[in-house]
Amino acid sequence: MSDKEKKTTPTIQNRKARHDFNVEETYEAGLVLKGTEVKSLRQGKASFTDSFAYLQDGEVWLRELYIKPYEHGSYYNHDPRRPRKLLLHKKEIRALDKATQQKGYTIVPLKLYFKNGNAKVLIGVAKGKKQFDKRDSIKEKDVKRQIERNVKGNYKINM
């Protein structure tokens, strides 16, 4: 199969996470899935709305990740919002546990993708933003966008 014929698997991103949280550290984790979940993910049928990760009994779990039931799955289909176990090294789990013990920190899923045929989730240790922090980050994005426009062409600066 040539490069053009290969199918690209979709990357599902949690865009709202970077807007609502300051992500300080990221980890790549494997994901324990059922067969119909993998087929549905390869079609890009997932949503991160209100999803979060937490530690329980020395394991990391992902909650509220919505994976649409596979259309041709019949009675083998999965529960769309079931808790899913994340696969991490013990060292990483200890670091996550230590980080979440601090006040205001949480574990947020950022991106879901396939790497070498395996489903991976990029999770981040994050602290929630206040409303004025969100306004500041929006203003910074607007200024960067305006600067890029000025570099590409001669546009007037609106401030």
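Student: Before we dig in, what do buried, exposed and partly exposed mean here?
Tutor: Buried means under 20% relative accessible area, exposed means over 50%, and partly exposed is in between. Keep in mind that this is a predicted model.

Student: Okay, so where does Lys115 fall, and why?
Tutor: Lys115 has 39% relative accessibility, so it counts as partly exposed.

Student: What does Lys115 pair up with in a salt bridge?
Tutor: Its partner is Glu28, with 3.3 Å from N to O. Lys115 belongs to strand β8 and Glu28 to strand β2, so the bridge ties together parts that are 87 residues apart in sequence. Glu28 is also partly exposed, at 31% relative accessible area.

Student: How many salt bridges are there in the structure?
Tutor: There are 5. Another one of them joins Arg82 and Glu37, whose closest N and O atoms are 2.8 Å apart. Arg82 sits in the loop between β6 and β7, while Glu37 is in helix α2, 45 residues apart.

Student: Is that pair's Glu37 buried or exposed?
Tutor: Glu37 is buried, at 0% relative accessibility. Arg82 counts as buried too, because its value is 16%, under the 20% cut-off.

Student: And what about Glu59, which residue does it meet?
Tutor: Glu59 meets Lys85 in a salt bridge, 3.1 Å from N to O. That one links strand β5 with strand β7, across 26 residues. Glu59 is partly exposed at 27%, and Lys85 is partly exposed at 28%.

Student: Which residues are joined into a network by salt bridges that share partners?
Tutor: Glu37, Arg82 and Arg84 are joined into one network that way.

Student: Changing topic: how many residues does the largest nonpolar core have?
Tutor: It has 26 residues, and those with the most contacts inside it include Leu31, Leu96 and Ile123. Among the elements that give it two or more residues are strand β2, helix α3 and strand β9. Apart from that core lies another, of 6 residues, including Ala17 and Tyr113.

Student: What does Leu96 touch?
Tutor: Leaving out residues up to four places away in sequence, Leu96 touches Tyr27, Leu55, Val60, Leu88, Ile107, Ile123 and Val125.

Student: Which ring does the charged end of Arg42 sit over?
Tutor: It sits over the ring of Phe114, 4.1 Å from the centre. Lys111 lies over the face of Tyr113, at 5.8 Å from the ring centre.

Terms used: Residues are numbered from 1 along each chain as its sequence is written. This is a predicted model: local features need pLDDT of at least 70, side-chain atom pairs count only at pLDDT 80 or more; totals for chains, interfaces and linings use all residues. Side-chain values use heavy atoms; hydrogens and water are left out. A nonpolar core is a set of buried Ala, Val, Leu, Ile, Met, Phe, Trp, Tyr and Cys residues joined through side-chain atoms within 4.5 Å. Buried means under 20% relative accessible area, exposed over 50%, partly exposed in between (1.4 Å probe, protein chains only). Helices (H or I, at least four residues) and strands (E, at least two) are DSSP runs, numbered from the N terminus. Contact means heavy atoms within 4.5 Å. A charge sits over a ring if NZ of Lys or CZ of Arg is within 6 Å of the ring centre and within 35 degrees of the ring normal. A salt bridge is a side-chain nitrogen of Lys or Arg within 4 Å of a carboxyl oxygen of Asp or Glu.
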